Amino acid sequence: MHKFNLIENANDSLEHAIKHMGPIDQNGVGDWKRIIVDFSHVIELLFKEKLRQIHPAFVFDNIDKYPSKDAFTVGAEKAFKRLQNIGGITFSKDEVGAVNTAREKRNEIEHFEFSISEDEAKALVGQALSFIFTFSEEHLLLDWKATHLKNKRWYILSQYTEFYSELLRKANNKIEAEELYSIECTSCHNDTFSVDYEKCMVCGHEEDVLTCKWCKVPYIFSSCEYGKDAALCPSCEYKDGYASANYEKY
């Protein structure tokens, strides 16, 4: 019988992703697809392993069913929240953005049509790879850099993290120099989406920017559930939904 524990399973997916990471300008859409799915899988398994170390019951969606073998394990999003609420782990805004971006693109790949620009893919991979190495080292004491960045791999993989860091640096410099009004990008989750250009300065994601009819703050069309029909930013849309649910609107 063959068996992987959570760390071995995550390590195998990371190794599989790295095999598809050739020189940064030579990857096709199939390579990006496999890398993103594998990285998302790695992140989810690392979260589960950290929860298991805190208490094995936390790996299960319904902890009251532990230790039943028929119980479902927790999903990536809930595991992420559980680490913060129960595990006491604080994630930076950049780390939250990396996790959310990887999960959203993985869901797009697995459940709908998949499209991604080359710059989006490079930025996402750089974000996710940096997060995986950092989280595995700080919270699980895994020296995966030494394991996976051998020989020529270091040069190839460093291109992705350096690419992302350089993109972020240049984007912030441009925003500061041109005094651009920037908000959170719905693609890479950095505060680098220019309202003026209607484009993210990091990943290149382009989308319509609307103005909230209540608070007059600009927001990205896809960031809201009802979009143009409601004409409300995410914050006001949430307040409107809460008020309606609690009979406070009228």
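Reading helices and strands

Guide: Strands (E, at least two residues) and helices (H or I, at least four) are DSSP runs, numbered from the N terminus, and two strands pair if DSSP finds at least two bridges between them. This is a predicted model, in which local features need pLDDT of at least 70, side-chain atom pairs count only at pLDDT 80 or more, and totals for chains, interfaces and linings use all residues. Residues are numbered from 1 along each chain as its sequence is written, and side-chain values use heavy atoms, with hydrogens and water left out.

Visitor: Which residue of β2 stands opposite Ile183?

Guide: Phe193 does. The open sheet has 3 strands in the order β1-β2-β3, with antiparallel pairing. β1 (182–183) and β3 (199–200) each have a single partner strand, so one side of each lacks a neighbour in the sheet.

Visitor: Now the helices. How do I describe two that pack together?

Guide: Two packed helices are described by the angle between their axes and the distance between the axes. Axes are lines fitted to C-alpha atoms, for helices over the stretch in contact, and angles run from 0 to 180 degrees between N-to-C directions. Here α2 and α3 pack at about 45°, with axes 9 Å apart.

Visitor: What word describes how α2 and α3 lie to each other?

Guide: They are oblique. Angles under 35 degrees count as roughly parallel, over 145 as roughly antiparallel, 65 to 115 as roughly perpendicular and the rest as oblique.

Visitor: At what angle do α2 and α4 cross?

Guide: At roughly 125°, and their axes come within 9 Å. α2 and α4 are therefore oblique to each other too. Residues of α2 including Ile36 and Ile43 meet residues of α4 including Val99 and Ile109.

Visitor: Is Phe39 buried or exposed?

Guide: Buried means under 20% relative accessible area, exposed over 50%, and partly exposed in between (1.4 Å probe, protein chains only). Phe39, in helix α2, is buried, with a relative accessible area of 0%. Leaving aside neighbours within four places in sequence, Phe39 is in contact with Leu14, Ala17, Met21, Val125, Ala128, Leu129 and Ile132.

Visitor: What covers the buried residues of α4?

Guide: The cover includes α2 (29–54), α3 (76–85) and α5 (118–140). Among the buried residues of α4 are Gly97, Ala98 and Asn100.

Notes. Contact = heavy atoms within 4.5 Å.
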